[in-house]
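Here's a quick look at a ligand shell and at a helix that takes part in it. Have the model open as you read.

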Amino acid sequence: MKREFAVIGLGRFGGSVCRELSSEGMDVLAIDTIESKINEYRHIASHAVIADATDEKVLKELGIRNIDHVIVAIGEDIQASILTTLMLKELGIKKITVKAQNDYHEKVLNKIGADQVIHPERDMGRKIAHSIISNNILDHLELSDDHSIVEIKAGTKLVGKSLTELDIRARFGCNVVAIKSGEANEINVSPLATEVIEDEDVLVIIGADKDISRFEKQLV
Ligand code: ATP
Ligand code: ATP
Ligand code: CA
């Protein structure tokens with residue numbers, strides 16, 4: 001299914017979103033104030049235009065109203081990012097995703113009705129920090145301020161035991177939602193209580209951060 005997207009701001013982040021959407025066959029309108037950026041993306045995006053997104057008249061002329069999902073990836077210029085988001089909101093865009101530069105920026109974006117606020121540097125930093133703390137934490141996805149999904153490589157304390165033996169839900173309040181097995185790259189998305197964990201298995205665990213952390217301390 002082809003959907004219409006617009007990416008405003010073609011820095012490293014916006015540029016990467018634009019490339020990926022385009023390579024997945026999506027229809028993307030790329031917007032930036034800098035001509036060289038537009039020249040770079042002319043052959044990547046379906047349409048690429050030099051425009052200042054803070055100019056409401058320009059946004060209307062570009063037919064932005066007909067676009068389902070707009071990604072605002074204007075970085076340093078926080079004022080431009082906020083103003084653009086506000087105008088997109090007023091124009092009735094169904095879904096607006098905005099890259100925030102800092103926590104204050106994020107707060108304002110949420111307040112004015114951005115549907116999704118992302119903070120790639122902060123989130124990637126957190127992920128990396130978790131994997132640095134423990135070599136066994138392969139990935140970390142924040143679900144809310146205090147709940148996450150983590151991917152944990154099974155160590156000696158887990159291998160050879162079943163979920164029942166480990167009694168994970170009862171002891172830690174966490175659920176093992178999937179087990180990826182090393183050799184065949186298979187994924188079992190609803191492991192039975194009798195499932196025995198094997199060497200090189202990766203457990204996908206959902207739970208409160210404090211519970212996951214207890215689990216990590218005792219069993220990872
Ligand atoms: P990244 O870290 O993703 O590389 P950044 O956060 O450093 O990017 P900037 O480089 O400040 O972000 O901005 C991203 C892009 O947004 C730039 O290419 C810039 O030209 C563009 N941009 C800034 N203001 C506007 C605007 N008003 N309208 C359209 N594009 C804009
Ligand atoms: P519960 O009362 O905790 O739901 P149960 O009576 O349904 O358990 P089983 O499903 O056989 O019993 O599981 C026994 C125990 O094994 C559970 O209490 C739980 O601690 C652990 N367990 C089973 N499946 C999982 C899972 N997917 N994730 C975490 N722990 C599990
Ligand atoms: Ca940056």
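## Around the ligand

Ligand 1 is surrounded by 21 residues, with Gly9, Gly11, Arg12, Phe13 and Gly75 the closest; a residue is near a molecule if its C-beta atom, placed from the backbone, lies within 6 Å of it. This is a predicted model, where local features need pLDDT of at least 70 and side-chain atom pairs count only at pLDDT 80 or more, while totals for chains, interfaces and linings use all residues. Residues are numbered from 1 along each chain as its sequence is written, with chains lettered from A and ligands numbered from 1 in the order in which they are written.

By class, the shell splits into 9 nonpolar, 6 polar and 6 charged residues, with Gly counted as polar. Helices (H or I, at least four residues) and strands (E, at least two) are DSSP runs, numbered from the N terminus.

Which residues of α1 are buried? Gly14, Gly15, Val17, Cys18 and Leu21 are (20 or more other C-beta atoms within 10 Å of their own, C-beta atoms being placed from the backbone). They cover an arc of only 160° around the axis, so they sit on the same side of α1; the arc is that of the directions from the helix axis to the C-beta atoms. On the other side, Arg12, Glu20 and Ser23 are exposed (12 or fewer).

The buried residues of α1 pack against β1 (4–8), β2, α2 (35–41) and β4 (69–72), with contact meaning C-beta atoms, placed from the backbone, within 7 Å. Just after α1, Gly25 takes a positive phi of about 85°.

Key:
Two residues are in contact if their C-beta atoms, placed from the backbone, lie within 7 Å.
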